[in-house]
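Trainee: Hi! I'm new to this one, could you walk me through it?
Mentor: Happy to, let's bring it up.

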Amino acid sequence: MTLQDRTSWTEPGDIDAAVADVRSTAHGLEQPSDLDRLVEQFGDRKYVLLGEASHGTTEYYRWRTRLTARLVQEKDFSFVAVEGDWTDCYEINRFVKGLPESPETIRDALEAFERWPTWMWANWETLEFLDWLERHNQRLPEDDRIGFYGLDVYSLFESMDAVVDYLEDVDPDAAAEAKAAYRCFEPYGEDAQEYARALQMVPETCEDEVVELLTRLREQVAAYDHSRDDYFNAEQNALVAKNAEQYYREMVRGEVDSWNIRDRHMVETLERLQKHHGSDSKGIVWAHNTHIGDARATDMEARGRLNVGQLVREHEGSADVALIGMGSHQGTVIAADSWGARLEEMTVPPAQEGSYEHVFERAGGGDCFLVTGELSDDSPLTRPRGHRAIGVVYHPAHEAGNYVPTVLPDRYDAFIYLDETSALHPLDVHADIEAIPDLYPWGF
């Protein structure tokens, strides 16, 4: 059976056997204490990567929050790194760690998110976790506080501005040189997409400028009078600018898959964060299943794509990494019908027959999780079948295209299944917390 062989997913005998395996192997998930098994089994690993089948589902955020809080409290994890821009997330990091020049409130920091889709992080679910994290950090020594960072590569112009701001404080001459180098980008009006489009007409890039600036910053670090965090932030922004330029350049040229540039950057950032927090530090990652689950267990590999989960397993070894995915059978979700369009609350239809989500629903046990290492080698759950992936752009009417052919036990170390899920609560829609009282108490 191949990953692309959809017809085999719906064979009645195969589905019945898979349902029986879920019934005999899965663990119920009703309250936070039900996470004990996951905390104990994976809490000593260097990295725990927590996926989600969409960026617009409240229950994914809530269970991810509960598991993260327990890993931080009980297993001494040092930081959380998310599928978000470095610049925006660093403002959140300033707030939760009590660093100088931080926003006055966490809501102020979240409302500063301007890149679409803003609802990914500017929502009540994230706000409540960060409020908890800030209070948790207040009880810790400054050097032990838990960080919150962005792994993504999109913030080309924002990161360049941040490098200049840093240099103006520590090395005004270098700041002037950085401004001169970045003038290469001026014709594009601080619009990374415009820079990418222009390369189709005039293939003169600004690659040398961003590479040279990162090199120069690293060469001069010993001479700067600065805090360790401030330099790390500046160096990371210079790295983002370099990798973002490559990402947007390849997005239009198509010589290298820009997806791979993005996920390699995420892993490079994750590894830098781990070193920054100390040799014994451990990190938690929040991102979509398509980044978290090992690409080699899907049809991504056949298309020349890799991802964060695959790379971290390759770099660290599977025994030091936990990949945990999430999925659901039906419900509602926040998404849009095209890139940059207004968000909508959409209906998620029942999962397609033969898919993993359909199998779990047929098992009838409600919300649960599966530790894939507990499956037998010949389990019917080790056979390829569809696994739903909902993007920030979603078309429920074209549901057949939303399934990634997957071998679940190879893709994840554990899978959290939620029977019926509901839409996220973006701040710009739900201005008043009283409108969503069902979120509380969280019960960490």
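This is a predicted model: local features need pLDDT of at least 70, side-chain atom pairs count only at pLDDT 80 or more; totals for chains, interfaces and linings use all residues.

Trainee: Thanks! Which residues are buried in α8?
Mentor: Helix α8 covers residues 172-182, and its buried residues are A174, A175, A178, A181 and Y182.

Trainee: And how do those sit around the helix axis?
Mentor: Looking down the axis of α8, the buried residues fall within an arc of 120 degrees, so they line one face of the helix. As a rule, an α-helix has 3.6 residues a turn, so residues three or four places apart point the same way.

Trainee: What's on the face turned away from the buried side of α8?
Mentor: That face carries P172 and D173, which are exposed.

Trainee: What covers the buried residues of α8?
Mentor: The cover includes α7, α10 (207-220) and α11 (228-253).

Trainee: Let's switch to α3 and α6. How do their axes cross?
Mentor: The axes of α3 (residues 58-75) and α6 (residues 124-138) come within 9 Å and cross at roughly 15 degrees. An angle under 35 degrees counts as roughly parallel, so α3 is roughly parallel to α6. The crossing is right-handed.

Trainee: Which residues meet there?
Mentor: From α3, the set includes Y61, R62, T65 and V72, and among their partners in α6 are F129, W132 and H136. By class, this contact has 5 nonpolar, 6 polar and 2 charged residues.

Trainee: What about S155, buried or exposed?
Mentor: S155 has 0% relative accessibility, so it counts as buried. You'll find S155 in the loop between β4 (147-152) and α7 (156-170). Leaving aside residues up to four places away in sequence, S155 touches D85, W86, T87, R115 and V240.

Trainee: Which residues does the cis peptide bond join?
Mentor: W116 and P117, with omega about 0 degrees. P117 is in the loop between α5 (106-111) and α6.

Trainee: And what is the phi of D76?
Mentor: Phi of D76 is near 60 degrees, a positive value in a residue other than glycine. D76 lies in the loop between α3 and β3 (79-85), and at 59% relative accessibility D76 counts as exposed.

Trainee: What about E101's phi?
Mentor: E101 also isn't a glycine, and its phi is positive at about 60 degrees. E101 sits in the loop between α4 (86-97) and α5, and is exposed with a relative accessible area of 72%.

Notes: Residues are numbered from 1 along each chain as its sequence is written. Side-chain values use heavy atoms; hydrogens and water are left out. Axes are lines fitted to C-alpha atoms, for helices over the stretch in contact, and angles run from 0 to 180 degrees between N-to-C directions. Helices (H or I, at least four residues) and strands (E, at least two) are DSSP runs, numbered from the N terminus. Angles under 35 degrees count as roughly parallel, over 145 as roughly antiparallel, 65 to 115 as roughly perpendicular and the rest as oblique. A crossing is left-handed if the near helix is turned anticlockwise from the far one by less than a right angle, and right-handed if clockwise. Contact means heavy atoms within 4.5 Å. Ala, Val, Leu, Ile, Met, Phe, Trp, Tyr, Cys and Pro count as nonpolar, Asp, Glu, Lys and Arg as charged, and the others, Gly among them, as polar. Buried means under 20% relative accessible area, exposed over 50%, partly exposed in between (1.4 Å probe, protein chains only). The arc is that of the directions from the helix axis to the C-beta atoms.
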